[in-house]
Amino acid sequence: MKRLTACIIILTVIAAMSVFSVFAVKKENDKFISLVNAAENSYRNEDSDTAQRLEELENAWNKYYVRISYIAIAQSCTLDDISYAVAKLPALLEKGSEEFLSECESIRSWTEKIYHTQYPHLYSVF
C-alpha cells in the first residue's frame, strides 16, 4: 500500500510540474512576443523610439533565455536561432532593411514553436 501511495504522489508531482511549466512558458512567450510586436510596430511607424524598444527586447530576451532553458524542453538550436535573430535586429534597423520585419516574424514563430513543443500531447506522453 505504501508503494501505491508513493507512486500516486510521484505521478501527481510530475503532472503538477508539467502543468506549471506549460503555463510558465505561455506567460513568458506572451510577454516576449508583446515586446517583439512593439518593436515591429515602432519600426513600421518609423518612430524614434525603435532603438529603445530593441534594447528592451534584448534585455527581455536575456531573461527569457535563462528562464526557458530551465523550464522548457526546448531545443538549444531554436534558442540559438532566436538569439541570432535578436542580435541582428539593431543592424537591420540601422540599415532600414525590410528584413527587420521578417526577422521579427521568425522570432515570433520560433517562440510559438517552443510553446508547442512544451505542450503535452497524448502521443508524446505515451
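Where is the place of Thr50 in this chain? Thr50 sits in helix H2, and helices here, like strands, are DSSP runs numbered from the N terminus (H or I, at least four residues, for a helix; E, at least two, for a strand). Before going on, a word on what you're looking at: this is a predicted model, where local features need pLDDT of at least 70 and side-chain atom pairs count only at pLDDT 80 or more, while totals for chains, interfaces and linings use all residues. Residues are numbered from 1 along each chain as its sequence is written, and side-chain values use heavy atoms, with hydrogens and water left out.

Back to Thr50. With a relative accessibility of 3%, Thr50 counts as buried; the cut-offs are under 20% relative accessible area for buried, over 50% for exposed and partly exposed in between, using a 1.4 Å probe and protein chains only. Its contacts (heavy atoms within 4.5 Å) are with Ala39, Ser42, Tyr43 and Leu93, not counting residues up to four places away in sequence.

Now zoom out. The chain has 5 helices and 0 strands, so to speak an α-α-α-α-α pattern when you read along the sequence. The C-alpha atoms fill a box of roughly 70 × 25 × 20 Å along the principal axes. The chain's radius of gyration is 18 Å, whereas a compact globule of 126 residues would have one near 14 Å; that value is taken over C-alpha atoms, and the globule rule is 2.2 Å times the number of residues to the power 0.38. Buried residues make up 30% of the 126 in the chain. Of the contacts with a separation of 6 or more, 71% are between residues 24 or more positions apart.

What does the largest nonpolar core look like in terms of residues? It has 24 of them, and those with the most contacts inside it are Phe32, Trp61, Ile82, Leu89, Phe100, Ile107 and Ile114. A nonpolar core here is a set of buried Ala, Val, Leu, Ile, Met, Phe, Trp, Tyr and Cys residues joined through side-chain atoms within 4.5 Å. The elements giving two or more residues to this core are helix H1 (2-44), helix H2 (50-71), helix H3 (76-95) and helix H4 (99-118).

Leaving aside neighbours within four places in sequence, Trp61 is in contact with Phe32, Leu79, Ile82, Ser83 and Val86. Both Phe32 and Trp61 are buried.

That brings us to the aromatic rings. Rings of Phe, Tyr and Trp (its six-membered ring) pair if their centres lie within 6.5 Å; planes under 30 degrees apart count as stacked, over 60 as edge-to-face and the rest as tilted. By this rule there are 5 aromatic pairs. The rings of Phe32 and Trp61 have centres 5.5 Å apart and planes at 50°, so this pair is tilted. Because Phe32 lies in helix H1 and Trp61 in helix H2, the pair ties together parts that are 29 residues apart in sequence. Tyr43 and Phe100 form a stacked pair, 4.3 Å centre to centre with 25° between the planes. Tyr43 belongs to helix H1 and Phe100 to helix H4, so here the parts tied together are 57 residues apart in sequence. Tyr43 and Phe100 are both buried. Phe32 and Trp61 also belong to one aromatic cluster with Tyr64 and Tyr65.

How about the cysteines? The structure holds 0 disulfides, a disulfide being a pair of cysteine sulfur atoms within 2.5 Å. Cys77 is partly exposed at 42% relative accessible area, while Cys104 is buried at 0%.

A few more stops along the way. Val22, in helix H1, is buried at 9% relative accessibility. The C-alpha atoms of Val22 and Thr117 are separated by 9.8 Å, though the two are 95 residues apart along the chain. Ser34, also in helix H1, is partly exposed at 40%. Ser34 and Ala15 are 19 residues apart in sequence and 29 Å apart in space, C-alpha to C-alpha. Finally, Glu46 lies in the loop between H1 and H2 and is exposed at 71%. Its phi is near 55°, a positive value in a residue other than glycine.
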